[in-house]
Structure formats: structure tokens, C-alpha cells
Amino acid sequence: MKTFTTQFPRLFVGILFIISGLIKLNDPLGFSYKLDEYFSEPVFNMPFFVPYTLAIALFLVIVEVVLGVMLLLGYKSKWTIWSLLLLVILFTFLTFYSAYFDVVKDCGCFGDALHLTPWQSFSKDLILLFFILILFYNQKYIKPLFADKIQTILVLTSLVLCSFMGYWVLNHLPLKDFRPYKVGTNIRKSMEIPDNAPKSQVEMIFIYKVKGIDKEFTEKELMTLPEGAEFVDRKDKIIVQGYLPPIHDFKLELDGEDQTDMILSKEKMLLIVAYDLEKANVSGLQKTNELYKNASAKGYYVVLLTGSSTDVIADAKKKYNFAFDCLFCDATALKTVERANPSFVLLNYGTVTQKVHYNDSADLKL
């Protein structure tokens, strides 16, 4: 009985860690964006970690997969279980913090493959913690599957393969695209809201300065405002989230005018996606003019999409001599369109037909 109650948690935890780690390893940039949220000012206010989030993300997901492999193999079980315990305690704290304070809406535990609410993520981590504690108290029942030498080779092989996978997806694209803009998606249709879709319930929140301190008041509380309160701002607070289409923040502007419909109505459309021109790969941007000439000659309309400010756009136009329009779009939306900065996306009447990393621009099928 002891053996059974140990082996089931061993399989459950090991397989879950491997699956969760591989999904995030498929898109480490996406996981690093989640870490950016945790390190941001509204959450833990640790901006000094932000430049290293990609390295931290890669380290964590590789460790996650390798620890899962080690647990299944029964390799160095005491050290493995201690590591798993510390890791799941960290994850449990983060998911509880996200849920209780309503800060990070999706922890990214399974990347874009499976979205969990903060409380679902916290519940998942509590279950993991429960099973790992069982393993902790029953370590003596965890036996290695192979001889030490074979175990070591298998663990090192998993480490090398994970490292290579991380290198590959960062220099090309995720092996599997789980995002709303994957190839075959019609952006316009993915932005539509059905007539019978549930609506969001929104409450207006008013911010007043009271004795030098900003305080929030509901509409009903305005009747009892303290004397001398000064109005500062108003914001909408979502009480109940209604239907949110898969794509809900894709809006393209040129000089303040909405160009979204025009872009999505083109038969041949090449989007150069660079969410931040200051952080964009220089060699990638240098390829854009030659690509523009080739695409234009074949009837493509070419634009660059960026979340950068007008001043940064103007500097980039001058530096790289862009011969095409640069449209503004929310940077978060562009990070979801594609991970590479820049990347190239082909559209046919708003349907994504191909996406490539700047390292693979020669593979574009114009």
C-alpha cells in the first residue's frame, strides 16, 4: 500500500512537471513576459530583475522538466524531492498572491495552451504540494529505475535536449503556436462578439484627494464625500467579466486614424511586427527594406506595426530609411502576434497565412 501511495504521486508530479515545463519551454519569451508582470511595480516592485527575466524563465522551465525526469527515474530522490518542494512552495506563494490581490490574471503555468484563473492555478499548486509532501515523507519507497550510470546519462541528455530546444525556439519560433494569431486564424472573425454573449458588469470608481491622499469612492459613496475632497480621476472596475473574444486589442493607427479595417481587407499583406523598436534586433530591422522591395514587386502592401512612441518611430525611420508606413498598435497585442522582435506575418484578407522569425526571413513565401 505504501508503495502504491508513493508511486502514483511520483508519476503524477513527474509527468505534470514535464508537461508544464515543456509547454513553457516551447515559448520561453511568453513566460518571461509573465515574470515581467510579477516584477513590475504594481506587484512585487522589483524592476532590477526585469532585464534578466528571459534568463530566469529559461532556467526555471529547464529545471522544471529535468526535475520531472529525475523524479520519474528515481535519480537522487532526496535532492530531487527537496528541489520540487521548494519550487512548488514558490509557485504556490506566487499564485496565491496573484489570486488574493488580483494582480496577475494568468500565471502562465501552461503557457497559452491552457489558461487558468489565479484561483485555479493556486488550487493546482496546492494539489501538487499535497502530493510532493507525500513523496517527502515516503522517500525510502522511491527506487531508481536503472543503474546510476544510465540514470546520469538520461538526466544529462534531458538537460542537453531542453537547452537545445530553448535555443531553437528563441532563434526561430515556438514549435507549436497556441496563441490567438496562429496560422489559419482570421483576425477579423476572432475579434467578433456574438450577439448573445454575456456582457461585462462594470462599476464606476471615482478617485478624490482627501487630505492629500488619493481615495477611491463608488457612485453611491459620492453622497457622503468628505468636505474639501478634490476630484482626481475616474476609472471603470470590472465586477463580472463578460465574453472576451480571442483577439480584443488589435487596433492599428496611423497619425491617430484607425487603419485596422483597411489592413484586414488587403488580399496581400505583409506585416513587419516590432513591438519595441528600441529593443528590436538591428540585423532584423536592416532586412526590412529589401524585404519591402521584394514584397511590393509581388503586389504586397507592407507596413510596420509597433508599440513605440512617435519619437522612437521617427528616429527608426531616419536610421533605417524605412520606405513603408509605421502603424501604432498596443505592444502587448504585438507580443502576442509573434515573439520575435521583429517578425514577419503574411495576411490574406485578414487570415494569417505565414509567420517567420527575423532569422528566417528568407523562408517567407511571397
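Predicted model: local features only at pLDDT ≥ 70, side-chain atom pairs only at ≥ 80, totals over all residues.
Q: What share of the protein chain counts as buried, and what makes a residue "buried"?
A: A residue is called buried when its relative accessible area is under 20%. By that cut-off, 45% of the 366 residues of the protein chain count as buried.

Q: How do you know which contacts in the protein chain join residues 24 or more positions apart?
A: A contact means heavy atoms within 4.5 Å. Among contacts with a separation of 6 or more, 73% come from residues 24 or more positions apart.

Q: Why are β1 and β2 called paired strands?
A: Two strands pair if at least two bridges are found between them. Strand β1, residues 201–210, has 6 bridges with β2 in the antiparallel sense, so the pair meets the definition. Across this pairing, Ile 207 stands opposite Glu 216 in β2.

Q: What is the order of the strands in the open sheet, and why is one side of β2 and of β3 left without a neighbour?
A: The order is β2-β1-β3, with antiparallel pairing. Both β2 (213–218) and β3 (230–240) stand at the edges with a single partner strand each, so one side of each has no neighbour in the sheet. From one strand to the next, the twist averages 30°.

Q: How many helices and strands does the protein chain have?
A: There are 12 helices and 10 strands in the protein chain.

Key: Residues numbered from 1 in each chain as written. Heavy atoms only, no water. Helix = DSSP H or I, 4+ residues; strand = E, 2+ residues; numbered from the N terminus. Axes fitted to C-alpha atoms, helices over the stretch in contact; angles between N-to-C directions. Buried < 20%, exposed > 50% of the residue type's maximum accessible area, 1.4 Å probe, protein only.
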